[in-house]
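Let's take a walk through a protein structure together, one region after another.

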Amino acid sequence: MTTGYVELHAHSCFSLLDGASYPEALIARAVALDMPALALTDHDAMYGAVPFAKAAREAGIKPILGAELTVRGTAPHHLTVLVQNAAGWTNLCALITSARHNAPKGDALLDAHLLDTHRDGLIVLSGCRRGEIAAALRRGDHDAAARAACRYRALYGDHFYIELQRHHLPDDQRLTADLIALARELDLPVAATNNVHYAERDGHRLQDILTCIRHNITLDDACALLRPNSEYYLKSAAEMAALFADAPDALTNTMRIAGECDFTLEFGLQELPVYPTPEGQSACDLLRSLCHDGLAARGITPSDGITRQLEHELSVITRSGLSNYFLIVWDIVRWSRERGILCQGRGSAANSLVAYLLMISPVNPLEHDLVFERFLSEERRTTPDIDIDFDAARREEVIQYVYHRYGHAHAAMACTFITFRARSAMRDIGKALGLPLDVLNRASRIIDTYRSGRIAEAAGLSDLIAPETLALIVELGQQIDGFPRHLGIHNGGMILTGAPLSHRLPTEPATMADRYVVQWDKDSLEDAGICKIDILGLRMLSAVAEASAITGADLDALTFDDATVYDMVTAADTIGVFQVESRAQAQVLPRLQPRQFNDLIISISLIRPGPIQGNMVHPYLRRRLGEEPVTYPHPRLEPALAETLGVVLFQEQVLKVARDLAGFSGGQGELLRRALGSKRAHEQIEKLHSAFISGAAELDVTNAVAEAVFDALRSFGGYSFPKSHAAAFAVLVYKSAWLKRYHPAAFACALLNNQPMGFWSPAVIVNDARRHGVRVLPVDLRYSAAICTVEDGAVRLGFWQVRGIGEEAADRVAAARDEQPFTSLRDFCRRTRLPHRLTENLILAGAMDHFGSTRREQVWALANLLDEPGMLDLDMTDDPLQFPSASRGEIMTVEYDLTGVMLRGHPLALYRDWLDEMGVFNSADLADLPDGSHVRVAGLAVVHQAPPTAKGHHFITLEDEDGFINVVVRPKVYPKYRTILRTSPLLVIEGEVQRQGAVVNVVLSDARTLGVQAP
């Protein structure tokens, strides 16, 4: 049965820190109310338009898109604007864009005169209590209200409505009576709305909290800012009819408006700019020509197989209308390479021979049996995905090139939504509830879950927060789980359009200067069919480029077959090596024993949620080591699974399994893979399941085998990892490992200069470099540059390594030194005029040790110098003072605090004699201990992980002078030692040795802080 009312004014959580329901929740509520349509009118934004429209289509109701605009006036006022057709969408996008670009970041303010030039295709309601007309009537200015109403009628004709709202507020009846009277006086139609801010009535509590977060205020202090009751929920037709019994046409008109709104979010690849081709040559022809040039550049002799694959890919690209897209991406890569900017594609694009020949991808897909349809097929009606990693230090040049070539009107970055997570939710909700800041800080530190919906899992919170308050925080955290908190900018996703961007979707300023972001994130862009080109900054590429420049090594000439490199990787000697340096990789590599490039691909792919979640890691390793036989669910699957010993590790294998067992085409297989990876594709999965079973039957595969294989794909598909992506990354794995093996000083230097990156801190990188015979020298006014440098085979720390020293300060020091060397602290201060704090940091980091006095003496002298801008150039004699010598431990602590590295050895060396007396083993000792031995070990905690796939286990890595000790903490043990493990940097651990070949772990039974026992 169709209701007689459609809600035309509703806010979702994409009205940031105001709306308290997901768009999907609003749709679900509308379906429950048998509402045939629903409008989304978030504040000055289209952030949630795509998920809203998608959910509405899936639910079978009409999505109406719109926004509540903030219009400039004597006082800013609201206007409810709905999209009627494609022209209306273009105009509303332009209005939102203008409002966002003419207000401070995060705000919006529309100049009223723009309504006149962007009015076609829009239906406009006069707005809420903060609307221009309602506000005038509330202050008793009937004439101003009438003038405004006449102005809007002149603009929009019979597409303008007086908006009525009743929320049981003291002046509701008078206000709506005045609005209705004005409408009748001017012969204007009325429309009722409820200014919805949450789907269900009980959402009002969360909406209050969001309001407090938005204003950075507590509930006790927010009374005037909060809505006075809980009436702002999505109401039924019956409830609205009761509220507006005196104006039934206000409800009828909502149905009329809903019927007139008819717009669908569909754009597609035709939105891209047109890449200029030589006269008379089409984009398809130019692409074909470039690919044939690429065969020669790559040193490939065309064969029947290569020609057949190339022609297949080009035909699919042509029929999909993607030739122009490939040319645009090729041009970006070409421009970068010509300027020596390291770059390489990754992701599913590495499945494409065309991408390889265009120098976009570093991987020949034919050599690795990659499947093109994982990247692109005619059955897959979604935009392709080409991610390109660039040297992070030079990525900005590439972005500027794109802006220069296409213009800011046609190029912008995708946005991201910074969402509430467990710790941020605890702080924000707790602050709104009035909890003290120190309590919230302590509570946040002991939360070791990621999602705000799982705050309750954090033990120890009840010791800090009263039960009733904690229960409320937990409940609100569940409601706010994943909510967008504020807008961010995508790491590198750029949107290009032929038409001005503001005609297609709204843009707004980014925090970075001269940057615009579109109001959709990557998922919405893909769903709407808008191409995104990912221009990503990868710090490892920066490190590789820098190390290559230092050494002069030609990494493009590497053949990926150096046995000594694989020896190093096999020994898990991989600190700093791309993708294989983590604790989890260190557990796998000694068992995997990689000896060739394909083993690196497998290693990267093993430590991923898919294989771990699907319990495929250990079966693969056991089969590789000969501990269990290699088997296949069906003989037909041996070709697809032989390279991974019968275990599914790669996304591409889903396509191959579907092909070989059920006769699926490559495109059908990709549809299956995508459906298995979606949380909302149940209906599609079932259709594909039926096709899979029937296809298998036609190939004489029993129903039992087909069902078992499909179930395995189902469990794996949502977490699987593409082999093409791993193959592209494996190129960098080998290059970085080769640099570490043959040029450890240059590699360590480059790693330090490109932090933050990778898995390990600068301190661990320095300690590892020293263990490999690399000397690391302190910051020194005489020799240091701004960045770390290689000096006679050693790494010299740069000024930037010292806390607080940035580019400007480092340049000032270098410029003064270039004039003449510094002769004293006084000379340094007089000529650099650095702030007192920065000079003190340089002193304590050891940069002025060559002046002859101790650091304490220099700090005392600094305090007696006049470091104001007008400091006189006078020679002054300080009174001599005697300071006690600083201990080695004190110096190590200060240096670590200021530089993030330890140059005077490892802190465990300070305790070693005592530790030996207490029978504490070091990391080198563990290698010789048998399985099951009870041990006591100690170290500096450098890693603490609790991955979601670990079922409650925690993994801690300790570091001592000789290396690392891996500690496993079981779920039942962790709560007892949570505080110590989370807060103590130096730990003594007791436990049992657990061995798997060369891999050694200590399973924790007891934990203590080292400082408590040590003398």
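How many cavities of 30 Å³ or more does the count come to? The count comes to 4. Keep in mind, as we go, that this is a predicted model.

Let's begin with the largest cavity, which holds about 90 Å³ of space. Its lining is made of Ile-575, Lys-740, Pro-744, Phe-747, Ala-748, Leu-751, Ile-765, Asp-768, Ala-769 and His-772. Two helices, H32 (744-753) and H33 (762-771), each supply at least two residues of this lining. Which helix gives the most to the lining of the largest cavity? That is H32, with 4 residues. Sorted by class, the residues around the largest cavity are 7 nonpolar, 1 polar and 2 charged.

Now move to the second largest cavity, with a volume of about 60 Å³. Here you can look for Gly-127, Cys-128, Arg-129, Ala-134, Glu-163, Leu-164, Gln-165, Asp-172, Leu-175 and Leu-179, which line the space. Strand E5 (160-164) and helix H7 (172-186) are the elements that give two or more residues to this lining. With 3 residues, H7 gives the most. The lining of the second largest cavity has 5 nonpolar, 2 polar and 3 charged residues.

Next, let's look at some strands. Strands of a sheet pair through backbone hydrogen bonds, and they can do this in a parallel or an antiparallel way. You can find both kinds of pairing here, starting with strand E9 (residues 411-419), which pairs with strand E10 (residues 484-496) in the antiparallel sense. The two strands are joined over 8 bridges. If you find Met-413, you will see Met-494 of E10 standing opposite. Is E9 mostly covered or mostly uncovered? Strand E9 is mostly covered, with 7 of its 9 residues buried.

E14 and strand E16 (residues 794-796) run parallel and are joined by 2 bridges.

Let's turn to the aromatic rings. The count comes to 21 aromatic pairs. One of them is formed by Trp-335 and Tyr-401, whose rings are stacked, 4.5 Å centre to centre with 15 degrees between the planes. This pair links distant parts of the chain: Trp-335 belongs to helix H13 (residues 323-338) and Tyr-401 to helix H15 (residues 395-406), 66 residues apart. Why does Trp-335 count as buried? Trp-335 counts as buried because its relative accessibility is 12%, and buried means under 20%. Tyr-401 counts as buried too, because its relative accessibility is 10%.

For another kind of ring arrangement, look at Phe-822 and Phe-828. Their ring centres are 5.1 Å apart and their planes stand at 70 degrees, so this pair is edge-to-face. Both Phe-822 and Phe-828 are buried. Elsewhere, Tyr-325, Phe-326, Phe-372 and Phe-375 form one aromatic cluster.

Arg-334 lies over the face of Trp-330, at 5.8 Å from the ring centre. Likewise, the charged end of Arg-771 sits over the ring of Phe-964, 5.3 Å from its centre.

Now find helix H23 (residues 597-606), which is mostly covered. How many of its 10 residues are buried? The number is 9, and among them are Phe-597, Asp-599, Leu-600 and Ile-601. Ser-603 and Ser-605 of H23 are buried as well.

Our last stop is His-78, placed in strand E3 (residues 77-83). His-78 is buried, because its relative accessible area is 7%. From there, turn the model until you find Ile-805, which is 727 residues away from His-78 along the chain. The C-alpha atoms of His-78 and Ile-805 are separated by 47 Å.

Notes:
Residues numbered from 1 in each chain as written. Predicted model: local features only at pLDDT ≥ 70, side-chain atom pairs only at ≥ 80, totals over all residues. Heavy atoms only, no water. Pairing = 2+ DSSP bridges. Phe/Tyr/Trp six-rings, centres within 6.5 Å; stacked < 30°, edge-to-face > 60°. Buried < 20%, exposed > 50% of the residue type's maximum accessible area, 1.4 Å probe, protein only. Lys NZ or Arg CZ within 6 Å of the ring centre and 35° of its normal. 1 Å grid on protein atoms, 1.4 Å probe; cavity = no way out; pocket = protein on both sides within 12 Å on 5 of 7 lines; lining within 4 Å. Points joined across faces, edges and corners; volume = space filled by probe spheres on them. Nonpolar A, V, L, I, M, F, W, Y, C, P; charged D, E, K, R; others polar.
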